[in-house]
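Here are my notes on the charged side chains, written as a list to read with the structure open. Have a look around before you start on the points.

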Amino acid sequence: MPDITNESTTARSFLPRSIADRIPFEAEAVKPLFGLEPNTTLAKAVDETVAQCQSSPSKGETKRCVTSAEDMIDFAVAMLGDDIVVRSTVLPNGSGESIMIGKVKGINSGKITSSVSCHEYLFPYMVYSCHSVPKIRVYEAEILSVQTKEKINSGVAVCHIDTSAWSAGHPAFVALGGKPGQNEVCHWIYNGSMTWVIADKS
């Protein structure tokens with residue numbers, strides 16, 4: 001099992017939307033507001049987060065960085081409709097260890113669907129990068145201890161069906177081989193990240 005902990009972040013909360021909306025999402029505005037000295041870890045993270053949020057989406061992708069819970073929900077509803085649920089890997093248990101996979105459930109019977117996945121970025125307050133990607137499958141899997149066969153976690157995985165627009169140097173192809181458009185790519189939703197999906201009718 002890969003390390004699914006989100007070690008690049010620390011515990012923090014969303015700001016209320018009424019406050020977050022008053023802070024310009026610009027590195028040079030955020031750093032002095034929070035007293036960040038140049039070249040510190042967090043100051044560099046602010047630069048990187050803002051740059052990532054301003055980067056262009058991939059083909060077929062719609063993306064948005066959100067700074068409040070309301071913004072996240074509004075984006076998910078805009079992409080998927082209002083009959084949605086959020087799913088996430090519950091715990092970091094099993095990270096970096098040998099595991100067994102127990103029962104696997106395909107969300108919406110494993111049919112090809114769309115989702116909105118959100119990943120936390122390092123910032124003085126909570127910021128998530130959310131992106132809507134078409135042509136995916138979503139699964140929930142029991143993660144079991146090899147020694148005891150007992151359930152130690154409940155994992156969520158997303159499989160990208162269409163990788164034709166991905167770079168040949170994408171880490172998935174580097175690690176696993178294959179080429180854009182030839183291979184489906186699946187990955188765990190890390191603890192601390194989440195994926196919004198249409199409510200399961202199966």
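Is E140 buried, exposed or partly exposed?

1. With a relative accessible area of 22%, E140 is partly exposed. Keep in mind that this is a predicted model. The cut-off for buried is under 20%, and R87 counts as buried at 15% relative accessibility.

2. E140 and R87 also meet: their side chains form a salt bridge, with N to O at 2.8 Å. E140 sits in strand β5 (residues 127–145) and R87 in strand β2 (residues 84–87), so this pair ties together parts that are 53 residues apart in sequence.

3. Now hop over to K31, which is buried, with 13% relative accessibility. E28 itself is exposed, at 60% relative accessible area.

4. K31 has a salt bridge with D47 as well, and here the closest N and O atoms are 3.0 Å apart. D47 is in helix α3 (residues 41–54) while K31 is in helix α2, so the pair ties together parts that are 16 residues apart in sequence. D47 counts as partly exposed, at 34% relative accessibility.

5. How many salt bridges does a search of the whole structure find? The search turns up six. Among the residues involved, R17, D71 and D74 are joined into one network by salt bridges that share partners.

Conventions: Residues are numbered from 1 along each chain as its sequence is written. This is a predicted model: local features need pLDDT of at least 70, side-chain atom pairs count only at pLDDT 80 or more; totals for chains, interfaces and linings use all residues. Side-chain values use heavy atoms; hydrogens and water are left out. A salt bridge is a side-chain nitrogen of Lys or Arg within 4 Å of a carboxyl oxygen of Asp or Glu. Buried means under 20% relative accessible area, exposed over 50%, partly exposed in between (1.4 Å probe, protein chains only). Helices (H or I, at least four residues) and strands (E, at least two) are DSSP runs, numbered from the N terminus.
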